[in-house]
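Morning, everyone. Please have a look at the model on the screen, and then I'll walk you through a few places in it.

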Amino acid sequence: MSGQTSKWREEQILVICPGSQTTMAQLGCGELTPPVHRFPTRMFKDDESDDWRPYRTYKRKKAVSTPSVSNGASNATTTATAGATANGAAAKDEDEWEYVEDTDSVEGAVYPIRAGRIANMDAFLAFLDHVHGILTTTYHNTPIMLMASPQWTRPDCEAIARYIFEKTRTPALCLINSGIATQYGLKWPNMTVVDVGFEKVDVTCIYESQVVSHLDVGSYPGPERDVSGGEVFTRKLASLLKAKGFDYEMAEQLKKNPICEVLPYAPDTPELMELPADTGDGSKIVAPIADIDDGLNIDGKDVEDEGVLDVANIVVSGQTREFLAKKEKEKAERAKAGRKAKEREGNEAAAARTARLPNSKRPWNVFHYEELVTEEVPVAAPVPAPAPAPAPASIPAIAPTPAGIENSTTDVTMGDASGATTGTAPEAATATTAPIEGSAIDVAKPEPSADQQQASVGSEAVKPEEAKAEAPPAPAAPETAQLTEKQTKRVRRDIEIGIERFLFAERAEIDRIVTAIYRAVQGIENMYMRPYCWENIVFVGNGTRIRGLKDNIMQTLQARHLVSPSSATMFTSELPSNLGTPSGTGSQTPTGSFTGAPHQLPTTSSVNPLLQAATTASLGIPGGPAAVAAAAAAAANANAPGSNAGDASSAPSHHFHSQTPTTIKLAQLPTYLSEWTKNGFEEAMFLGAQVAARLAFCIHNLDVQGLESQRLMSLTRIDYNEHGPKAIRSHSMLG
């Protein structure tokens with residue numbers, strides 16, 4: 001017997017719920033909060049070491065920047081650099097490359113779980129080791145609660161148990177079925193869990209915490225398998241909007257948007273849904289406003305009621321015609337302004353009415369698409385250290401000049417120096433360099449004659465070419481690699497979407513889900529369990545976040561498979577004679593000696609078992625009030641007069657005669673967890689995994705029977721050493 005049972009605190013439990021695309025994980029189960037960490041369920045193969053990495057890793061060449069040098073030392077620096085490169089090329093080749101991890105890239109990703117099944121066990125085990133290594137702080141004292149998909153086989157569970165106990169120091173492991181985990185999170189002992197995932201739909205029927213029936217859609221292995229779940233809706237949406245340039249990512253984001261909706265089930269329409277009227281263009285529907293001249297101006301006053309005019313003065317002035325024309329013009333302008341104001345108010349009111357329409361009544365709606373764009377942005381290279389200034393060379397002496405010229409040179413230089421002292425920095429630089437370039441000396445030179453100017457022009461035309469030929473070639477500037485870095489920015493676009501946002505929900509796909517639910521519940525062997533599964537239906541999985549999907553499935557179920565309790569009167573006898581109603585066991589065989597009142601309904605002692613089974617749908621429940629009433633009725637029927645041929649001599653047996661459901665409804669969700677109410681119960685399996693982890697690892701002071709049940713909920717290291725990985729079959733919560 002294990003001695004490690006119930007010796008862990010709530011903050012030591014590691015809860016992991018893997019999915020096809022996202023894995024929810026959290027260290028600690030004390031607060032019963034939504035998952036803190038979400039990991040993409042993918043791994044990357046390393047080409048060099050054949051190991052698995054959590055992120056895409058690639059090599060790239062390092063960006064090396066060469067500092068700039070002065071012209072005087074450029075030749076020496078280039079020569080030294082070339083010699084060093086030639087001597088240590090092999091040593092530097094390794095340092096030129098660096099490994100980079102791209103956390104957002106999916107290039108070359110391997111998804112170990114496909115449609116609930118483990119497609120790559122090595123990648124999945126490496127992924128579990130990655131999650132365990134990131135979240136655990138006490139490597140040897142962290143029990144694991146791992147949620148298992150119904151598609152996992154026994155060899156899969158044994159391989160996982162072997163890897164966890166042999167590669168890690170985990171003291172205990174508990175595998176829990178995803179349907180059982182949902183039941184622990186929503187507290188109902190009997191329920192039907194519909195898990196709409198990425199590429200599959202699981203329907204699990206649970207009665208008294210035991211899985212009594214299971215059926216899935218789209219999880220069959222194979223390259224050409226017919227997938228189901230949210231992926232079908234995304235592909236359909238992308239195909240409908242392909243003409244508008246939509247790709248897979250845009251369709252996935254639109255599917256999660258509230259404007260993308262599954263309309264209610266309408267059995268009387270050909271499309272089985274009521275689509276809004278489509279005008280054929282992308283403009284919003286606005287009611288036209290007629291141009292009506294009601295004689296009102298902007299202020300709402302009558303234009304013709306303009307007060308009393310001084311007619312005598314107008315006639316005497318002789319400007320009657322001009323005055324009347326002016327009044328008519330003012331009247332027309334006021335009427336026109338009044339009509340424009342009314343049109344503007346009418347358009348605003350129509351736009352407000354259109355904005356108040358629900359999404360299902362709008363033929364067009366605006367989709368705000370947001371995408372992340374990654375760009376290579378140049379980065380400013382680090383400023384190199386300034387080169388040491390060369391030693392100052394001696395200034396050559398200027399040839400002696402006449403006294404007048406020397407004085408003029410001195411005067412110009414002094415004037416420039418004074419300007420540099422009082423002027424700005426650029427002016428100072430110009431004034432300082434002007435004497436050096438010879439501008440001051442040129443001022444003092446005497447003007448040459450015409451013959452000297454022609455000779456100088458001819459000599460100047462030849463001197464630049466000779467200088468170029470004689471001067472040594474200048475060293476090439478060193479090439480510096482441009483440093484760049486990746487920057488991600490968010491770009492938003494507004495796109496008008498028509499009725500394609502309603503047509504993505506194919507009726508064939510919804511019918512597959514409805515048929516799977518009906519067959520799973522009706523496939524329960526014990527018929528008395530079926531009503532409890534019909535009365536508590538729960539939808540989980542992120543695929544059910546699509547607006548209106550759950551309501552449409554429930555409406556389809558109720559319209560196609562629900563039998564109203566009022567129609568159960570067909571089980572009553574409609575014989576107008578004075579014959580007694582025969583029972584299902586053959587008692588009360590009709591005789592001619594019936595003396596009761598004609599057309600009298602059967603009394604309590606002669607209840608028709610078919611009617612009772614159809615209306616109550618609860619016969620055969622041990623210990624229930626209906627079972628007690630049925631047993632009393634059967635005992636009374638056994639003592640009733642008439643033939644008892646066919647009655648069993650032993651205790652009466654109860655039969656369930658309801659072949660179709662009489663009640664189909666959703667289970668009531670808990671309201672005492674505020675964080676889960678905000679987050680939604682689509683991830684209720686994670687909540688149930690936390691509750692089950694408490695029960696399996698953290699509950700103390702149990703009796704002997706409770707301790708034995710708790711021991712069988714998880715596999716400890718001691719039990720693993722005694723029984724091996726096959727013990728996970730009996731020491732788990734796989735249902």
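Leu687 counts as buried, because its relative accessibility is 1%. Buried means under 20% relative accessible area, exposed is over 50%, and partly exposed lies in between, with a 1.4 Å probe and protein chains only.

A word on the source. This is a predicted model: local features need pLDDT of at least 70, side-chain atom pairs count only at pLDDT 80 or more, and totals for chains, interfaces and linings use all residues. Residues are numbered from 1 along each chain as its sequence is written, and side-chain values use heavy atoms, with hydrogens and water left out.

Back to Leu687. Where is it placed? Leu687 sits in helix α21, residues 684-697. Helices here are DSSP runs of H or I with at least four residues, strands are runs of E with at least two, and both are numbered from the N terminus. Leu687 touches Leu32, Gly185, Leu673, Trp676 and Phe681, leaving aside residues up to four places away in sequence. Contact means heavy atoms within 4.5 Å. Now take Cys29. Leu687 and Cys29 are 658 residues apart in sequence, yet 9.0 Å apart in space, C-alpha to C-alpha.

Zoom out. The protein has 23 helices and 19 strands. Of its 735 residues, 35% are buried. Take the contacts with a separation of 6 or more: 74% of them join residues 24 or more positions apart.

Next, a helix pair. Helix α6 (residues 230-240) packs with helix α7 (residues 248-255) at an angle of about 115°, and their axes are 9 Å apart. Axes are lines fitted to C-alpha atoms, for helices over the stretch in contact, and angles run from 0 to 180 degrees between N-to-C directions. Among the α6 residues that meet α7 are Phe233 and Leu237. On the α7 side, the residues include Tyr248 and Leu254. By class, this contact of α6 with α7 has six nonpolar, two polar and three charged residues.

How many cavities of 30 Å³ or more does a search of the whole structure find? Four. The largest cavity holds about 60 Å³ of space. Its lining includes Ile16, Asp129, His132 and Tyr163. Helix α3 gives the largest share of that lining, three residues.

How values were computed
Nonpolar A, V, L, I, M, F, W, Y, C, P; charged D, E, K, R; others polar. 1 Å grid on protein atoms, 1.4 Å probe; cavity = no way out; pocket = protein on both sides within 12 Å on 5 of 7 lines; lining within 4 Å. Points joined across faces, edges and corners; volume = space filled by probe spheres on them.
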